[in-house]
Amino acid sequence: MTLRAYEPRDFEPLFEIDRAAFAADLAYSRAELRSYLRAPGCRALIAEEDGEIVGFAIACRERAGCGHLVTLDVRPGRQRRGIGSELLRAIEEGLAARGVHTLILETLAGEDGARRFYERHGYAVVRRAAGYYQGGRDAWVMAKRTVPDSTDSKGSPG
């Protein structure tokens, strides 16, 4: 698997993966997806295997020191092979290099598999956002400090 930056020719495969990976009321419209891909401060990372796009992540640098993981999509049938973990690791590293120390995301409440995936990668539930998604479905808001504190557990510089 290789990771690379998004290119405009990637749009259709990304749109198809998002539609396949999420229920219709959770998947992005073409306009929404384009908006994130073109937004200043947002970056998309593509995962490829044998020339085929198998996943992608979009994250944005927001206010000072904070970032937002907009989406992490892996093509159905390619999930549970480490693609999502590699995308998440790389997107976190890229954001940290741009000064982001805390990353926030939302995932569907009641979708325990996604919540557990993020928890395994160091994210914790911050709160439940009632009616976050279309149709009134709730989301878990999760966060992770992506850059470790410069002090050790005793409070002295590391």
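Q: If a disulfide is a pair of cysteine sulfur atoms within 2.5 Å, what makes the link of cysteine 42 and cysteine 60 a disulfide?
A: In this predicted model, the sulfur atoms of cysteine 42 and cysteine 60 are 1.9 Å apart, and because the cut-off is 2.5 Å, the pair meets the definition. The angle about the S-S bond is 95 degrees, and the link of cysteine 42 and cysteine 60 is right-handed. A search of the whole structure finds 1 disulfide.

Q: Why can the pair of cysteine 42 and cysteine 60 be said to tie parts together?
A: Cysteine 42 belongs to strand E2 and cysteine 60 to strand E3, so the pair joins parts that are 18 residues apart in sequence. Both cysteine 42 and cysteine 60 are buried.

Q: How do you know that cysteine 66 is in no disulfide?
A: The nearest cysteine sulfur to that of cysteine 66 belongs to cysteine 60 and is 13 Å away, whereas a disulfide needs the two sulfur atoms within 2.5 Å; cysteine 66 is therefore in no disulfide.

Q: Is cysteine 66 buried or exposed?
A: Cysteine 66 has a relative accessible area of 10%, and since buried means under 20%, cysteine 66 is called buried.

Q: Why are threonine 2 and glycine 131 both called partly exposed?
A: Partly exposed covers what lies between buried, under 20%, and exposed, over 50%; threonine 2 has a relative accessible area of 46% and glycine 131 is at 40%, so both fall in that middle class. Threonine 2 is in strand E1 and touches Ile46, Ala47 and Glu48, not counting residues up to four places away in sequence. Glycine 131 lies in the loop between strand E6 (124–129) and E7, and, with neighbours within four places in sequence left aside, is in contact with Gly136, Arg137 and Asp138.

Q: How do you know that the buried residues of H1 line one face of the helix?
A: In helix H1, which spans residues 11–21, the buried residues are Phe11, Leu14, Phe15, Ile17 and Asp18. Seen down the axis of H1, these buried residues fall within an arc of 165 degrees, so they line one face of the helix. What covers the buried residues of H1 includes helix H2 (30–38) and strands E2 (42–49), E3 (52–61) and E4 (66–74).

Q: What makes up the largest nonpolar core?
A: The largest nonpolar core has 23 residues, and those with the most contacts inside it are Leu69, Leu72, Leu87, Leu88, Ile91, Tyr118 and Tyr123. Two or more residues come from each of E2, E3, E4, helix H3 (83–97), strand E5 (102–108), helix H4 (112–120) and strand E7 (139–145), and H3 gives the most, with 6 residues. Leaving aside neighbours within four places in sequence, leucine 88 is in contact with Leu69, Leu72, Phe117, Tyr118, His121 and Tyr123. Apart from this core lies another, of 15 residues, among them Phe15, Leu37, Ile58 and Cys60. As a general matter, nonpolar side chains in soluble globular proteins tend to be buried together.

Q: Why is the protein called as compact as a globular protein of that length?
A: The protein has 4 helices and 7 strands, and from the N terminus on its elements run β-α-α-β-β-β-α-β-α-β-β. Its radius of gyration is 16 Å, close to the 15 Å that the globule rule gives for 158 residues, so the protein is as compact as a globular protein of that length. The C-alpha atoms fill a box of roughly 50 × 35 × 30 Å along the principal axes, and buried residues make up 41% of the 158 residues.

Q: What share of the contacts in the protein between residues at least 6 apart in sequence join residues at least 24 apart?
A: Among those contacts, 55% join residues at least 24 apart.

Definitions and conventions. Residues are numbered from 1 along each chain as its sequence is written. This is a predicted model: local features need pLDDT of at least 70, side-chain atom pairs count only at pLDDT 80 or more; totals for chains, interfaces and linings use all residues. Side-chain values use heavy atoms; hydrogens and water are left out. Buried means under 20% relative accessible area, exposed over 50%, partly exposed in between (1.4 Å probe, protein chains only). The arc is that of the directions from the helix axis to the C-beta atoms. Contact means heavy atoms within 4.5 Å. A nonpolar core is a set of buried Ala, Val, Leu, Ile, Met, Phe, Trp, Tyr and Cys residues joined through side-chain atoms within 4.5 Å. The radius of gyration is taken over C-alpha atoms; the globule rule is 2.2 Å times the number of residues to the power 0.38.
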